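Morning, everyone. Please bring the structure up on your screens. I'll keep this brisk.

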Amino acid sequence: MFCKRLICMTLIKYPRILKGLGSFSFLIAGLVGFEESAVAQAYIPSDGSQVVETLRKDLWQSELSGLRKKVTAAPTDSAAATRLATRYIEVARKSGDPRNLGYAESVLKPWRVNGTATADMLVLQATILQSTHQFPAALLVLNQALKLDRHHAQAWLTKATIELVMGNYSAAKSSCLRLQGLTTPSIATACFCSVASLNGDAGKSYLTLQQVYNSAPEIDIGLRSWLLTLLGEMAVRLGDNKAAENWFVKGLRVDPNDHYLLGAYADLLLDQERDREVITLLADKNQIDGLLLRSVIALQKQKSPLLMEKINTLQQRFGAAASRGDTVHQREQARFELQLKQNPNTAMDFAEKNWSIQKEPADLKIVLEAAWASQRVSAASPMLEWMRQNKLEDARLHKVLAQLGGSQR
Amino acid sequence: MRAICPRSLLGVAFLLLLFVNPAHGHKPSDSYLSLKVEGDALVGQWDIALRDLEFAIGIDANNDGEIIWDEVRAKHQDIAVYALSHLKISSKERACPIEVSAQKLNQHADGTYTALFFKVLCANVSKIDSLGLQYSLLFDVDPQHKGLLKLTSAAGKSTTAIFSPDRPDLDLVIALANASAWEQFADYFKHGVWHIWIGFDHILFLLSLLIPAVLMLTKRVWLPMESFKMVVLEVLKIVTAFTLAHSITLSLAALQLISLPTRWVESVIAFSVVLAALNNLFPFFHARRWLLAFGFGLIHGFGFANVLSDLGLAERSLGLALIGFNLGVESGQLVIVAFFLPVAYWLRSKRTYQTVVLQAGSVGIALLAAIWFVERAFEVRIF
């Protein structure tokens with residue numbers, strides 16, 4: 001597959017070769033030859049001291065290997081196992097390397113198999129499932145956790161989050177309400193506001209959340225950056241780009257490597273056609289597919305000569321995910337097909353499949369845009385109806401809504 | 001149990017995790033296992049990520065975060081033992097020993113992999129019709145790991161499958177037996193013939209162009225052609241133009257050099273039939289029907305390519321398949337022409353040929369194709 005693409009690339013690069021191919025038989029013969037030579041790609045480096053792979057060596061790794069030894073030495077120590085799994089999930093988030101989610105799962109697995117998993121462990125397992133978009137399975141595991149401990153704040157919060165992502169706002173709100181008294185008031189309020197903001201109370205939620213942010217001066221770094229992200233996203237949806245930028249920049253000061261925040265900020269910049277800033281912002285984040293995607297969209301607007309190469313990189317990564325049966329990337333893939341490859345039909349297929357799994361504003365945006373671009377306007381009516389029922393407000397949707405509305409009339 | 005505040009246990013930093021984009025940047029762990037019949041032997045290549053091997057057995061001897069080729073080489077024995085202890089291949093309940101022949105490196109989307117080349121020593125490879133595989137690489141340390149299997153028979157047909165902790169065992173029914181190049185060619189040839197015979201849109205397009213080939217338009221009146229030679233020449237021009245055009249685009253599409261949206265292609269094909277039929281009623285393209293054949297032939301080629309790709313192309317025999325399929329299409333088409341031409345020539349001076357075949361026939365074809373067009377372009381079902 002890989003080589004096939006390379007062949008195409010050379011031919012596209014040198015269209016004259018194609019034009020010059022006098023006879024049809026020559027074309028066939030030439031390409032059969034390519035196929036044969038494409039089989040072997042493996043190589044032996046010429047120099048023994050050649051670096052063939054670079055591993056992450058950071059502070060976490062030594063801590064992780066210490067914890068791992070502890071877990072191996074004391075396999076019945078639930079606190080040690082919980083700590084190790086938690087750390088792996090944190091590393092997955094910070095580095096963007098999903099292998100760590102697998103490592104976390106392997107730590108939890110013996111406990112789950114024995115039926116001795118604690119509520120904490122089940123919440124961690126649900127988080128891993130959520131990261132691979134297995135939302136219904138994650139909810140099942142959370143219910144098990146809540147059976148063990150009805151007052152498990154993290155379980156309620158994770159449950160609310162998954163229900164929010166699935167677009168089940170009433171369930172999410174009631175999960176948030178269960179947080180009252182179980183954790184700090186700011187977390188409970190932020191949870192509720194994050195749902196209400198999508199459910200008809202955009203303006204009010206924004207104001208409330210600002211009060212929460214201002215009245216809690218010495219809050220934990222993690223909570224701070226969560227609040228700032230929520231505030232930024234709310235401002236974007238309310239159409240206040242200036243305020244949104246303010247929140248995002250503040251959030252990035254708290255954690256400059258927050259991939260989610262970087263993605264949200266890059267989208268804001270892309271909306272304002274500040275492509276150059278996007279490229280600079282994400283320059284060293286190319287290993288994260290979602291961020292590479294934004295960078296490539298910026299490159300496209302800049303008509304950069306690097307564009308084709310980067311599109312191929314992305315295509316390869318999506319291909320690799322597809323060959324293992326992953327569907328985690330569908331939102332990104334829809335955007336890739338729509339904006340970079342100009343394949344609105346393929347984009348719509350991905351966007352619709354994605355919509356059946358998750359229903360965040362970004363999912364709504366891409367499915368509506370793809371419906372419009374692929375002229376499958378009627379396919380957008382369930383989403384429009386859903387939006388109306390939930391009273392979702394989002395300034396970024398105005399353009400596509402006007403297009404769709406215009407065509408319906 | 002008492003309520004646990006997230007701050008005390010998991011840390012609030014953890015909260016943000018929940019809202020994190022599914023930006024699975026790097027890539028979950030996969031290994032790429034390919035098995036292939038070559039002659040009388042079953043050979044394999046197994047690509048395993050160096051970073052996975054580092055996690056499982058340790059490769060970076062000096063622990064400096066950089067793996068050099070010498071470090072990999074020093075571990076070749078360990079890698080082979082580790083890997084092969086996690087893969088069992090059997091045929092008819094009898095284990096096939098696996099023998100490593102070489103280790104190289106290979107690049108994949110997320111980094112460098114060791115490429116383990118091996119031979120599977122099953123008895124009578126050419127008679128094997130099913131293989132049992134048990135895969136357990138890395139499942140103990142990373143339950144999200146998957147093994148991506150590609151099995152290629154001697155005929156170049158490949159099957160793919162995915163190993164996961166939920167599905168570590170696979171029984172693959174395969175015909176590893178050698179199908180000769182000639183048999184493959186014949187197979188695709190038959191598909192080609194079959195497709196043109198059941199592909200009414202292609203046939204109707206061609207027939208619409210051929211119906212008037214036995215006639216001559218003089219002063220807005222159709223007159224029968226006198227010379228059989230002229231008729232044959234006219235038919236030859238049209239068929240050649242159509243053949244040439246669709247061969248070009250069929251090849252370009254099958255080789256993945258160009259691709260067009262299926263819906264668009266199918267709609268234009270239907271439209272081309274409408275146009276060709278209308279051209280018989282209102283001759284606007286009369287003397288140069290071969291141009292029409294060539295222009296729309298290009299689009300029909302993409303239609304053939306869709307069929308070919310549905311058949312599933314083995315990468316190794318792509319060229320063979322393409323030629324076989326294309327020749328099949330041409331032959332099927334020639335058979336149709338061979339039936340049509342004498343009948344049309346014989347009927348050409350009868351009045352019924354003009355009224356029934358040319359006029360009514362073209363109206364019928366145009367109507368039918370118009371329905372196809374609407375169905376395909378707007379994705380609705382009329383019948």
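A:Trp355 and A:Trp386 are both buried. Buried means under 20% relative accessible area, exposed is over 50%, and partly exposed is in between, using a 1.4 Å probe and protein chains only. Before we go on: this is a predicted model, where local features need pLDDT of at least 70, side-chain atom pairs count only at pLDDT 80 or more, and totals for chains, interfaces and linings use all residues. Residues are numbered from 1 along each chain as its sequence is written, chains are lettered from A and ligands numbered from 1 in the order written, and side-chain values use heavy atoms, without hydrogens and water.

Take A:Tyr169 and A:Trp386. This pair is tilted, at 5.8 Å centre to centre and 55 degrees between the planes. A:Tyr169 sits in helix H10 of chain A and A:Trp386 in helix H22, 217 residues apart. Helices here are DSSP runs (H or I, at least four residues), numbered from the N terminus. A:Tyr169 has a relative accessible area of 2%, so it is buried. For A:Trp386 the value is 14%.

Why is the pair of A:Trp355 and A:Trp386 called edge-to-face? Because the planes stand at 90 degrees, with the ring centres 5.1 Å apart. A:Trp355 belongs to helix H20 of chain A, 31 residues from A:Trp386.

Over to chain B. Ring pairs join B:Phe205, B:Phe242, B:Phe271, B:Phe296 and B:Phe373 into a cluster. Charges meet rings too. The charged end of B:Arg348 lies over the ring of B:Tyr345, 3.9 Å from its centre. That label needs NZ of Lys or CZ of Arg within 6 Å of the ring centre and within 35 degrees of the ring normal. B:Lys104 lies over the face of B:Phe117, 5.4 Å from the ring centre.

Next, B:Asp201, in helix H7 of chain B. Is B:Asp201 buried or exposed? Buried, because its relative accessibility is 8%. Its side chain makes a polar contact with the side chain of B:Arg376, at 3.1 Å. A polar contact is a pair of N or O atoms within 3.5 Å; within protein, one must be able to donate a hydrogen and the other to accept it, and residues adjacent in sequence count only if both atoms are side-chain atoms.

Key
Rings of Phe, Tyr and Trp (its six-membered ring) pair if their centres lie within 6.5 Å; planes under 30 degrees apart count as stacked, over 60 as edge-to-face and the rest as tilted. Helices (H or I, at least four residues) and strands (E, at least two) are DSSP runs, numbered from the N terminus.
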